[in-house]
Amino acid sequence: MFRPLSFYIGLRYTAAKRRNHFISFISLTSMIGLMLGVAVLIIVLSVMNGFDRELKQRILGMVPHATIQGTGPLDDWKSVDARVEKHPRVLAAAPFIQGQGMVTGGGNVRGVVLNGILPEEERTVSIIENHMIEGRLDDLVSGEFGIIIGRLMAASLRLQVGDKVTVVLPEASVTPAGVLPRLKRFTVKGVFSVGAELDGNYTLIHMDDASKLMRTGGKAEGIRLLVDDLFAAPRVAEEAAKQLGGRYYVSDWTRTHGNLFQAIRMEKTMIGLLLMFIVAVAAFNIVSTLVMVVTDKTGDIAILRTMGATPGRIMRIFIVQGAVIGIFGTVIGTSLGVFGALNISTFISWLEGALGHQFLSADVYFISYLPSQLQWQDVLIISGAGLAMSLLATIYPAWRASRVDPAEALRYE
């Protein structure tokens with residue numbers, strides 16, 4: 001007597017055993033479909049978040065978060081470096097010289113980005129040292145013209161540590177023998193592997209050797225910044241450049257690799273929308289379930305109407321019944337999805353060991369395990385969308401129940 005009548009009857013209808021077992025089966029499949037749709041959506045988006053995180057950590061751990069360059073080579077890069085590091089959001093800074101060229105070796109040619117660095121400074125702004133598979137960053141010694149290349153480049157040019165390669169710059173030198181391209185012989189000092197395209201076109205040489213090759217007179221081309229927040233890099237670089245005074249040009253990762261991460265974000269959005277249709281299909285199965293329940297309970301509805309139940313109360317009874325199916329399916333699905341997202345990496349590792357087969361080979365992909373990163377905002381959006389679609393699916397059957405005519409329904413009873 002203390003419970004609202006609509007809520008009480010709605011729960012009774014949900015829990016009661018029906019004469020028509022097909023209706024019970026449809027109700028169960030609707031709940032299971034909604035549960036699985038929500039769980040799968042949470043797990044898939046968490047895996048995509050994990051790949052996004054790995055890609056950011058690896059690629060943006062190698063390329064500069066932001067750079068500051070002058071109108072020409074920096075005369076006193078050490079003072080610029082020290083002043084830039086005073087910015088509260090700059091974690092570290094390091095000088096660099098960057099150019100483009102070609103590397104020839106093993107009878108093949110490959111276009112590359114040449115990065116002149118100081119090993120002791122580079123390790124403060126880059127993750128390269130953590131991904132060396134052969135050699136060390138300290139093997140780059142001034143005057144020895146050593147070069148560190150990526151794993152894909154080493155495989156493409158059939159190179160190993162100790163092999164000789166020729167670096168060719170797209171600039172000509174005028175000599176008594178005529179106009180010749182500028183080139184220099186380098187020795188492979190190490191091989192790194194971070195994944196993606198960087199393993200195929202990214203190279204490191206000592207800054208002194210780069211200065212001689214590119215004729216910068218021993219000066220750095222610019223300063224590379226490591227900031228505390230990737231998405232604040234453009235603003236931090238602008239602020240740091242203003243503190244220096246004079247004319248400086250700034251760049252950041254959103255200009256060099258922004259398209260890649262926009263593509264990843266769009267892919268995540270599109271996959272999320274496609275998988276949301278699974279949830280929608282499961283949620284709108286509730287419509288067919290409730291329509292059949294209304295048909296099955298026509299006599300009960302007519303009796304309730306003759307006892308004084310208003311159309312609004314009848315409508316609320318079936319909204320409650322559909323909402324219970326939606327709430328149970330969404331809550332159980334959310335719980336399974338969160339549990340799966342937190343344990344998918346461990347489960348896949350166990351499955352690989354049990355089957356003796358590695359799904360993500362390090363030779364093909366840039367990581368050898370399935371990453372997962374659960375974001376609670378995704379969980380809230382998915383569970384909220386599941387509940388909303390479940391409630392919307394109850395409106396038409398509930399409205400149809402409220403339109404039952406007692407006299408017509410009871411004529412043949």
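**Close-up views of a predicted protein model**

I32 sits in helix α2, which spans residues 21–62; helices (H or I, at least four residues) and strands (E, at least two) are DSSP runs, numbered from the N terminus. This is a predicted model, in which local features need pLDDT of at least 70, side-chain atom pairs count only at pLDDT 80 or more, and totals for chains, interfaces and linings use all residues. Residues are numbered from 1 along each chain as its sequence is written, and side-chain values use heavy atoms, with hydrogens and water left out.

**View 1. A nonpolar surface patch around I32.** Together, L28, I32 and L36 make a nonpolar surface patch of about 260 Å². Patches are made of residues with over 30% relative accessible area and no salt bridge, where like charges are joined within 9 Å and nonpolar side chains (Val, Leu, Ile, Met, Phe, Trp, Tyr) within 5 Å. Accessible areas come from the Shrake-Rupley method with a 1.4 Å probe, and for residues only the protein chains shown count as cover. I32 has a relative accessible area of 36%, so I32 counts as partly exposed; buried means under 20%, exposed over 50%, and partly exposed in between (1.4 Å probe, protein chains only).

**View 2. Where helices α11 and α12 pack.** Helix α11 (residues 298–306) meets helix α12 (residues 311–355) at an angle of about 145°, and their axes are 10 Å apart. On the α11 side, the contact is made by I301, L304 and R305, and on the α12 side by P311, I314, I317 and F318. Here, contact means heavy atoms within 4.5 Å. Axes are lines fitted to C-alpha atoms, for helices over the stretch in contact, with angles running from 0 to 180 degrees between N-to-C directions.

**View 3. The covered helix α7.** Of the 8 residues in helix α7 (residues 207–214), 6 are buried, so the helix is mostly covered. The buried residues are M207, D209, A210, S211, L213 and M214. Take a look just past the end of α7 as well: R215 adopts a positive phi of about 60° there.

**View 4. A salt bridge between K189 and E144.** The side chains of these two residues, K189 and E144, form a salt bridge with an N to O distance of 3.3 Å. K189 belongs to strand β7 (residues 178–192) and E144 to the loop between β4 (132–134) and β5 (146–150), so the pair ties together parts that are 45 residues apart in sequence. A salt bridge is a side-chain nitrogen of Lys or Arg within 4 Å of a carboxyl oxygen of Asp or Glu. Both partners are partly exposed, K189 with a relative accessible area of 22% and E144 at 43%.

View 5. R235 pairs with E239, their closest N and O atoms being 3.4 Å apart. The two residues lie 4 residues apart in helix α8 (residues 233–244), about one turn of the helix. R235 is partly exposed at 45% relative accessibility, and E239 is partly exposed at 30%.

**View 6. D138 and its partner R136.** The closest N and O atoms of the salt bridge between D138 and R136 are 3.8 Å apart. D138 is partly exposed, with a relative accessible area of 36%.

**View 7. The whole protein.** Buried residues make up 47% of the 413 residues, and a search of the whole structure finds 10 salt bridges.
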